[in-house]
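Here is a short walk through one model. Keep the sequence and the coordinates open side by side.

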Amino acid sequence: MSHPDGAMPCLAVLPPGLEAMGADELAALGASAVQPLRRAVRCRLDRAAFYRVHLQARLPFRVLRELAVFPCRNRDDLHEGVQRAADWNRWLPPQTSLRVDASGSLPGLNHSHYTALQVKNALIDWQRRQWGERSSIDLDDPDLSLHLHLSPGGPGSEAHATISLDGSGGSLHRRGYRSRMGLAPLKENLAAGLIALSGWDGTVPLVDPLCGSGTLLIEAACRALALPAGLMRDGGGAWRPRTFGFERWPDFDPQLFQEEVRQAEAALGAAPSRALPPLVGRELDPTVLEQARENAEAAGLATRITLESGDLRDLMPPAGPGLVVCNPPYGERVGETEALAALYADLGALLKERFSGWTLWLLSGNPELTGALRMKASRRIPVSNGGIDCRWLRYDIR
């Protein structure tokens, strides 16, 4: 499905809490008709913008290209609608491997795995009728990845299904630099969104006193240097675009894609001349600190980020003021609440003693622990971290 202007209806899937910021990012990269939804942004992208978003957007998990929307009240509607949804002669010849994912529910179609199986069966039935053979299923590296979403409808709208192509070829939050992670890793796209929400623009120092595997600092540096999220360093240190699912689509335009790659590479060429203020991380666990150093090296940022070993209580700030960012453990996955309360109390004392005039942004999944800081938040932004309801909290350090 496309429009006369060449734009395709698309849906970018985002971390909860980053929808408005994701809409702004997509618009800046050429999207039109941008509409924030819950955990997603609906928009239209022409072919060039579709490639550009995959190469440069920092916030989406994936970008779905809508193939068809059809009325769907039950399993029979789903079977028939899927078979009519697209020119499967073009999109799904038998030699094309397939993956199907599903979301949403309708009466009789309450489980995503069952719904996905019905979609797969409808397509295979069609193939066998057409060719006498069928596609193989490949969950890890399919030639074509389909997504079906069921909507129950509401006042003025009937129940319907939307079938889309997943162009991403694996979640876009994986940048390629993080081969090693701590025990409770922050996804790269959420980290990028948190830095953007903080307003840090690369002009003042940035400090993470509990940096873990370094994701907040790495994403901050990538953003400030305008490093395209879809380019990765290979083993020899050269930057290359990651592999995308849309490269196997029958309407893939390699020349247009390479033009977008060249534009993304131009940003890489400009990065070395951009100055950065001090970016400082501290980590007590030597194994985790080594992970952070390996990640910074893999991201090409080893010379841009200072990673220190030691207790946060010994941290001395660079000349400021600046921003402190922090994702301390909050008892859901790492550590116990009682022991962590002392950590938060020490963090609050350190900041008030040495970071007066700075701003703290802290990701909290436990209000009880945050109270141990003995500081009053001036902003509370709801976000979700790995399914945990969290707040991105701003404190003005006095």
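At the start of helix H3, a side-chain oxygen of Asn-74 comes within 3.2 Å of the backbone nitrogen of Asp-76. Helices (H or I, at least four residues) and strands (E, at least two) are DSSP runs, numbered from the N terminus. The model is predicted: local features need pLDDT of at least 70, side-chain atom pairs count only at pLDDT 80 or more, and totals for chains, interfaces and linings use all residues. Residues are numbered from 1 along each chain as its sequence is written, and side-chain values use heavy atoms, with hydrogens and water left out.

H3 covers residues 75-84, and its buried residues are Asp-77, Leu-78, Gly-81, Val-82 and Gln-83. Buried means under 20% relative accessible area, exposed over 50%, partly exposed in between (1.4 Å probe, protein chains only). These buried residues pack against strands E4 (62-71), E6 (144-151) and E7 (160-166). They also pack against helices H4 (88-91) and H5 (112-131). Contact here means heavy atoms within 4.5 Å.

The term requires a side-chain nitrogen of Lys or Arg within 4 Å of a carboxyl oxygen of Asp or Glu. The two residues lie four apart, about one turn of the helix. Arg-84 is exposed at 67% relative accessibility. Glu-80 is partly exposed at 39%.

Now turn to Glu-219 and Arg-175. Their salt bridge has its closest N and O atoms 3.2 Å apart. The pair links distant parts of the chain, 44 residues apart: Glu-219 in helix H7 (residues 215-224), Arg-175 in the loop between E7 and helix H6 (188-198). Both Glu-219 and Arg-175 are buried.

Notes: A polar contact is a pair of N or O atoms within 3.5 Å; within protein, one must be able to donate a hydrogen and the other to accept it, and residues adjacent in sequence count only if both atoms are side-chain atoms.
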